[in-house]
Amino acid sequence: FNIVVLLALYSLQHERCEFQVKNRVPFQRFLGFGLVGAIQDVTTVSIFRERLARTKAIEQLFRRRGAK
């Protein structure tokens, strides 16, 4: 879910977000990745975001995250 937060916060397209995650340590840390590790590709992120949106879960997750 945190990658969806990055997409929204920085108004990034999926391809640009993938690039930023691969090249920016703060993004990697926010997502819980170490300096070496697998980073989801654009297709994985797109599918995940579409599923969240389709089930209306994305709104609930943002509300919960904002409440903390």
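The exercises below, each with a worked solution, concern a predicted model.

**Exercise 1.** Find which residues of helix H2 are buried, and work out how they are arranged around the helix.

*Solution.* Begin with helix H2, which covers residues 14-23, and note that its buried residues are His14, Cys17, Glu18, Gln20 and Val21. Next, look down the axis of H2: these buried residues fall within an arc of 165°, so they line one face of the helix. Then turn to the face that points away from this buried side, where the exposed residues Glu15 and Asn23 are found. Finally, ask what the buried residues of H2 pack against, and you will find helix H1 (2-9), helix H3 (25-30) and helix H4 (42-54).

**Exercise 2.** Describe the one aromatic pair that the structure holds.

*Solution.* The pair is formed by Tyr10 and Phe27, with 5.1 Å from centre to centre and 35° between the planes. Planes under 30 degrees apart would count as stacked and planes over 60 as edge-to-face, so the rest are called tilted, and this pair is tilted. Now locate the partners: Tyr10 lies in the loop between H1 and H2 and Phe27 in helix H3, so the pair ties together parts that are 17 residues apart in sequence. Lastly, consider accessibility: Tyr10 is partly exposed at 44% relative accessible area, whereas Phe27 is buried at 4%.

**Exercise 3.** Determine where Ser11 lies and whether Ser11 is buried or exposed.

*Solution.* Ser11 is placed in the loop between H1 and H2, and it has a positive phi of about 50° although it is not a glycine. With a relative accessible area of 63%, Ser11 is exposed, since exposed means over 50%.

Terms used: Residues are numbered from 1 along each chain as its sequence is written. This is a predicted model: local features need pLDDT of at least 70, side-chain atom pairs count only at pLDDT 80 or more; totals for chains, interfaces and linings use all residues. Side-chain values use heavy atoms; hydrogens and water are left out. Buried means under 20% relative accessible area, exposed over 50%, partly exposed in between (1.4 Å probe, protein chains only). Helices (H or I, at least four residues) and strands (E, at least two) are DSSP runs, numbered from the N terminus. The arc is that of the directions from the helix axis to the C-beta atoms. Contact means heavy atoms within 4.5 Å. Rings of Phe, Tyr and Trp (its six-membered ring) pair if their centres lie within 6.5 Å; planes under 30 degrees apart count as stacked, over 60 as edge-to-face and the rest as tilted.
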